Amino acid sequence: MNKIKKVFRRLQPARLNPPVAAYRIVQLTILVSLFWKWRFFLEANDIYANIPVEDPFFPDWLRSVTTIRLAFWGSALATGIGLITSSKLLRKTSSWLGLMGISLMCIHQGSYNDMTFVTIWWCCLWSVWLAHRMETDQQDVLMRRAAFLSRLIISLILLGGAAGKWTPEYWSGEVLFDIYFVDRDFWVFNYLRENYEPEELREIAKWYSRQVVIVETVSGIGLWMLPSRWAALIATIILSGIVLLSNKYLVSVIACLVGLACAGFFVPRHPRKADTPAPSKPENPVAG
Amino acid sequence: MVDSTDTSITHDEQQRDLGFCCIVAFIGMIAVWLLLMPWIPGIAKHSLQRFHLRTPSFSVWAAQFPIPSMYNFANRYKVEQYPPDFVMMILDENWRYANHFPARVITFFAGRYDFLSSKQDRWFTLKSSYRGQILESKFHLEPLEEGGYRLIRIDEVDQTHE
């Protein structure tokens, strides 16, 4: 009878461990963000080796092509390990290594300006925190906190975009007209150029730019206050909209944030009773 | 819309979590910095200098990397084959906008390839503006015999208020 019970238990569908699942989705989307930059890495690898720029502002090692190679591959490898490992120690270690590698990318002469590495860095910080908390016996509370932190980070990133646009050049549409409407090869702008006169395009650019400023401002200030699932859904829609209406290169900036937003979907629908802490669940590598 | 069970900083049943509180406080500090930027010219000036790689110290510049700044400020750049005071003035029609960190046209892979493959001198002018505050920087990229370029900052201070 015991044997039958054991076999039956093995055959039960694998139970999802929400924090592990959320953690792995974020690692996966970090990898999508990193490898969306594959062309950047290949070309940068060649260009930085052949055309070094001596600038005393940066320390030598933060201008070196070797540093950027190690940081990029180190982060990718660490994130990949974090994605597949079931070892708690390895997960923590790889999260820290990923954070360190991406930190280097954020201050290296050849990559500091790329917002991809800033959004990945915030996802890595979230990952480090979560990797150190997974052993808790209060999985629901942990998941609520993880979701809260995720929408706080997304709000901050959107607020960062908004605050720098509270200037007349964005309200008039002048900046985005030059960046996108003049010659950007992307379906929205190709369509608009084919169908509207230059003066009409300026007017469209003005309203396009105002829409960007308003959406970023409202979501930057308010997204973190929404309930988890609503915040996750709205963040996913807004972030996807930014890519669909701007340019494909933003996939690298946005993909990891979409993964981070998904943490909200793992929050239990109903708050657990305060006096019944959930027992610690053994991690299931198949389910997670 | 705020759900106190979701925004669980004060959730009854939670254990103390210093890491969580530190990250929330860190985010709060950056949010305050961003929200004050339009009203405190010093913050905007600091951020404009960050964009032009003109922060007085590299450490201070590097410490700001977590501050998100996607498509911030009106950043224009101009690339010329002759010094800015060359007699044959080139009209200002060469100005283009850059989304953020306009010095990227010198350092980032695509700009570096486009403008610095020729192994000839190049002069870059960057101009960023935010709510009437303008920062202009000029850089001379001098080719080196052994390959690559040396970046020389032509002007150190050129900050005006419109």
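Leu53(B), which sits just after helix α2(B), takes a positive phi of about 55 degrees. That is a handy place to start looking around this predicted model.

**Helix α2 of chain B**

- Helix α2 of chain B covers residues 41–51, and its buried residues are Ala44(B), Ser47(B), Leu48(B), Arg50(B) and Phe51(B).
- These residues lie on the same side of α2(B), because they cover an arc of only 155 degrees around the axis.
- Packing against the buried residues of α2(B) are α3, β1 (74–80), β3 and β4 (133–143) of chain B.

**Where the two chains touch**

- Chain A brings 56 residues to the contact, and chain B brings 58 residues.
- On the side of chain B that touches chain A, at least two residues come from each of several elements, including α3 (58–63), β2 (96–98), α4 (104–107), α5 (109–116) and β3 (122–130).
- Helix α1(B) supplies 9 residues, the largest share of the side of chain B that touches chain A.
- Sorted by class, the side of chain B that touches chain A holds 33 nonpolar residues, 15 polar residues and 10 charged residues.

**Strand pairing across the chains**

- Strand β1 of chain A, residues 53–54, pairs with β5(B) in the parallel sense, over 2 bridges.
- For Glu54(A), the bridge partner in β5(B) is Arg150(B).
- Strand β5 (149–153) of chain B also supplies at least two residues of the side of chain B that touches chain A.

How values were computed
Residues numbered from 1 in each chain as written. Chains lettered and ligands numbered in written order. Predicted model: local features only at pLDDT ≥ 70, side-chain atom pairs only at ≥ 80, totals over all residues. Contact = placed C-beta atoms within 7 Å. Helix = DSSP H or I, 4+ residues; strand = E, 2+ residues; numbered from the N terminus. Nonpolar A, V, L, I, M, F, W, Y, C, P; charged D, E, K, R; others polar. Pairing = 2+ DSSP bridges. Buried ≥ 20, exposed ≤ 12 C-beta atoms within 10 Å, placed from the backbone. Arc of directions from axis to C-beta.
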